[in-house]
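Please consult the sequence and structure shown below alongside the text.

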Amino acid sequence: MARIRNVAILGYGGYVPRLRIKATEIARIWGREEDALPVREKSVNELDEDAITMAVEAAKYAMRRAGIDPAEIGAVNVGSESHPYAVKPSGTVVAEALGIPPNFLAADLEFACKAGTESLQMISGLVSAGIIRAGLAIGADTAQGRPGDALEFTAAAGAAALVVGRPGNGEVASIEYARSYVTDTPDFWRRAHERYPSHTFRFTGEPAYFHHTLSAVKGLLEEAGLKVSDVDYFVFHQPNYKFPFAAAKVLQIPKEKVEQGVVTHLIGNTYAASSLMGLVRVLDAARPGQLIVLTSFGSGAGSDSFLIETKEGLPEKRAKAPLLDALIGRAKYVDYATYLRHRDKIRGA
Amino acid sequence: MRFNFRPQSHWRFKRFRYRTEVLRCASCGTVNVTPRPVCRRCRSRNLLREELPERGRLVAFTVVKSPTEEHKELAPYIVGLVEFEDGTRVVTQITDSDPEELRTGMTVERVVRKITHDGDSGIIVYGFKFRPLVS
């Protein structure tokens, strides 16, 4: 993977449920200190929401911005680690709900938190090869965290979607380069039939998140012949508020180039949607002609990194759907008991 | 295998449930929700596929506290009457809101949500609901 030719982002959309739980509320239940919590609050799904319904919401905004006929969508990829069915593709329901006719390729993907950018890689490849005219790349999750585990402070709910297709009709941005970096690193996993994932605490940092993220970004910049100063925005996967800024510090990226793409302190880690959600917020603010480096991280482990250049069509397309901040802003807070009910952690009722 | 909720039934109604696609009678204007060859009112075969608008007006709503078995996990929930510009009305669940946040006349928009699910091994039934417009 390297130079990507003739691939554009035609539309984009993010979705965040309206419910939130404050990290201090989770800390209160489990007797944790409140001064070192990884996020301020996180999103919680409504009782009638799951990865499929949120994927539909984000994709609907993306298609509205793209102004595309559903019949032009040739592939629907949904990346998630919380697909509602173990066997029955989420993409089938998503496409039917969006009115996409049956002549399309559906694939559900799983690579922890980078399944959304995997979707983007694959759709970009299909478009670049001329196999499809356009496709939907989606990351959506209602992430799981064992009660009382460190992950419970961050595992959140949300979705982000991109309509990717050929350039030439007022596109939002172009995808210029793509690079992936993957190794066998057991930092986080969930075995078959298990409800909650397991992880290796501090081992999820240096050998996992930082090694893969930094390797992917460095490789991408080298391949594209760019320096940090040439790029306007850097978007990272954000399992907590600290990690994206720590990665930026190693690469000597100024904080101002990272802040716009960080939402984890407000909505938590939306897993497969996390880095794409950061991209959505950057696209909500960027001007045409700016360069963005988007880099995901998925445990197991790997990173996908993309060089994206915004285009003249961005401001007009942006106005066609709600900004991410409008969805984040409609927050309604719930207590821990309500959160347990919404996350299906009370069984036998 | 025995299902409490028949997948075939859900499959038959999916176009209406997911995106409010109906069959409007070109002869008498009646909206037919179920897939059928003739109009339920005038028996005309001249039926045209149509997707009801994504946005409508909330005409009335109430809170269901004593639901049927298949909806008990969502209770209490709100059921509303939504009217579109052409006067067509649908009865639907109103989601993403508490009763005190709603008022008649407000604009609501269609979303896809879980309606019910058949235990841990049967199907998940998705369908439209409406929520206050996010703008």
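## Basis and secondary structure

Helices (H or I, at least four residues) and strands (E, at least two) are DSSP runs, numbered from the N terminus. This is a predicted model, in which local features need pLDDT of at least 70 and side-chain atom pairs count only at pLDDT 80 or more, while totals for chains, interfaces and linings use all residues. Residues are numbered from 1 along each chain as its sequence is written, with chains lettered from A and ligands numbered from 1 in the order in which they are written.

Chain B contains 2 helices and 8 strands. Their order from the N terminus is α-α-β-β-β-β-β-β-β-β.

## Overall dimensions and burial of chain B

The C-alpha trace of chain B extends over about 45 × 40 × 25 Å along its principal axes. Of the 135 residues in chain B, 25% are buried (20 or more other C-beta atoms within 10 Å of the residue's own, with C-beta atoms placed from the backbone).

Contacts are defined by C-beta atoms, placed from the backbone, that lie within 7 Å. Among the contacts in chain B with a separation of 6 or more, 49% link residues 24 or more positions apart.

## Strand pairing in chain B

Two strands are taken as paired if DSSP finds at least two bridges between them. One open sheet of chain B has 3 strands in the order β2-β1-β3, paired antiparallel. Because β2 (31-32) and β3 (47-51) of chain B are at the edges with a single partner strand each, one side of each has no neighbour in the sheet. Strand β1 (residues 21-25) of chain B is joined to β3(B) by 5 bridges in the antiparallel sense, and B:R24 has B:L48 in β3(B) as its bridge partner.

Strands β5 (residues 77-83) and β6 (residues 89-94) of chain B run antiparallel and are connected by 6 bridges. B:V79 lies opposite B:Q93 in β6(B). The two strands β5(B) and β6(B) form a hairpin with 5 residues between them, and B:G87 in the turn has a positive phi of about 95°.

## Domains of chain A

Chain A is divided into domain 1 (8-171 + 317-342) and domain 2 (173-314); such bounds come from an automatic or database domain assignment. The C-alpha centres of domain 1 and domain 2 of chain A are 16 Å apart. Their contact involves 49 residues from domain 1 of chain A and 44 residues from domain 2 of chain A.

Elements giving two or more residues to the domain 1 side of this contact in chain A include β1 (8-15), β6 (134-142) and α11 (324-329). The largest share of that side, 6 residues, comes from α4(A).

Definitions and conventions:
Contact = placed C-beta atoms within 7 Å. Buried ≥ 20, exposed ≤ 12 C-beta atoms within 10 Å, placed from the backbone.
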